[in-house]
Amino acid sequence: MNQASPSTVLPDAAPAPRPSACPGLLRIVAARDGGICRIKLPGGELNAAQAEAIAEASARHAAGVIELTNRANLQVRGVRGGEAAALSAALVAAGLGPDGVAPDAAAGSDAMAKRAAPASNALRAAAADDVRNVMISPAAGRDPFALFDTRPLCAELLTLLQGEARFAALSPKFALLVDGGERLARLDHPHDVWLAASQVRDGVRFVFGLAGCPPAVALSQNSTQARRVDGTGALAAVSPSQVPALVRALLHTFLDLAAADATRMRHLLAAHSVDAVLQRAQTYVDFPLSRDASLASWHRATPADAARRLGAHAQRTTETCHVGGQPPLGRLDAATLHALAALARQQGNGTLHVTPWQSVLLTDIAAHAVPVVLTALNTLGLACDATQAITRLIACAGSPGCAKSLADTKADALRLAARLPENVEVHLSGCPRSCAAAHCAPYTLLAVSPGTYDLYRRDDGHPDFGQCVARQLTIEQAADLLDHLARSP
Ligand code: SF4
């Protein structure tokens, strides 16, 4: 679904953004159920007015289906023919566009309007939209375990990404992770560049690595958050104030060295040594940047706990909580999004946080209001308890939404939810592209025909989905086998 464009070495003059199959705010991509418009949320956050604008625009110009993505963004599905420009313009008017983009740039998202719109505006805006890929914890600044409030750093990096014309050459999938040490953190998505706060004697430093995830300790045997996913491991550490310059240096280095078909940092590292990459990056900064051998065994001190996305958890400020709920398989309708916006206004700080687990977090809820908020979320159909099976299932759009899908994965996931064994997490994918999961899930059901799947189990010795443990299973057979595997030593 998200084919990325090749990276090329470009001069510092404004480059022409390349075509891409990735949906964006200004690039509505066709799917079987209509157009897809992806809305990048800075730090995963949107205010209640923006949520209402999305709900209204999705009902007016599309099918009223809103998806939460695994990169903590939103996307509107089912955009109707001829209404792409109007949808994009409504979203830009709500302040959801890239920095400095005027609503007229949105005209570029509609083929007819594109002829009348200044094409360069639309292309610049689409490029700025594409590069807005910085992930932080949805509880950044509030999580009591955090070593550093990453929100200002995230804002600074987003400005950097959009501010240099050359960075428009980065793939729309090229992404950064800034980890503040929160307990609520997603650490199993590989990122092109990751940075993680680390406590040292005189304060906090940011350890960084490439093409992977911050190494972390396990919370429990079943934790999916405790895995180091390939990449370089920790390379070096810089002070928080040096992070923007470091990231700028690494992005320029990538663009300097990447071959025409290299779109991600892992491609660069397949052709160049880590030391060569760091040496090149050193030419862009005036502080020392070389591999620090003492960090070879560095890992994050605090285990991450994905279950904290659900239910109520104390924030750093006393007597306040964040409260989270997960819509079934990451989908909301417009009415539910309207209701969530109202709830955030009434009981919280008027903002919603989308999490990379395709759930929603309401922040700054007074402790006494928690029961009211939990009841409201449950009434809206959001699961707030990790024991609910639906919180352990993810599925791609499936055959109703995607021509590549061999099965109706979402409908099958709902059937599986009724029989899913405790503590078992399953990803259903309509084809090997794995749009619903940037990570390798403990179990993956890969569709082979309508209602029939091959079952894979995560295994460090096997790439992609892991080891295939059974073929051609119905959902009922898959449930039985998962139950058996869950009981096996
Ligand atoms: S079938 Fe699913 S995983 Fe494959 S391209 Fe379509 S949405 Fe993505």
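The structure holds zero disulfides, a disulfide being a pair of cysteine sulfur atoms within 2.5 Å. This is a predicted model, in which local features need pLDDT of at least 70 and side-chain atom pairs count only at pLDDT 80 or more, while totals for chains, interfaces and linings use all residues. Residues are numbered from 1 along each chain as its sequence is written, and side-chain values use heavy atoms, with hydrogens and water left out.

**Cysteines and the ligand**

- Cysteine 402 is partly exposed, at a relative accessible area of 25%, where buried means under 20% relative accessible area, exposed over 50% and partly exposed in between (1.4 Å probe, protein chains only).
- Cysteine 468 likewise counts as partly exposed, with 25% relative accessibility.
- Around the ligand stand Cys396, Ala397, Cys402, Lys404, Ser405, Ser429, Gly430, Cys431, Arg433, Ser434 and Cys435, a residue being near a molecule if one of its heavy atoms lies within 4 Å of it.
- Sorted by class, this shell has five nonpolar, four polar and two charged residues, with Ala, Val, Leu, Ile, Met, Phe, Trp, Tyr, Cys and Pro counted as nonpolar, Asp, Glu, Lys and Arg as charged, and the others, Gly among them, as polar.

**Helix H10**

- In helix H10 (residues 370-379), the residues Val370, Val373 and Leu377 are buried, helices (H or I, at least four residues) and strands (E, at least two) being DSSP runs numbered from the N terminus.
- Seen down the axis of H10, its buried residues fall within an arc of 65 degrees, so they line one face of the helix; the arc is that of the directions from the helix axis to the C-beta atoms.
- On the face of H10 turned away from its buried side are the exposed residues Pro371 and Thr379.
- The cover over the buried residues of H10 includes strand E11 (311-314), strand E12 (320-325), helix H9 (334-347) and strand E15 (360-366), judged by contact, which means heavy atoms within 4.5 Å.
- Just after H10, glycine 381 takes a positive phi of about 90 degrees.

**Aspartate 192**

- Aspartate 192 lies in strand E8 (residues 191-200) and is buried, with a relative accessible area of 3%.
- Leaving aside its neighbours within four places in sequence, aspartate 192 is in contact with residues including Lys173, Phe174, Arg264 and Met265.
- Although 20 residues apart in sequence, aspartate 192 and glycine 212 are 6.6 Å apart in space, C-alpha to C-alpha.
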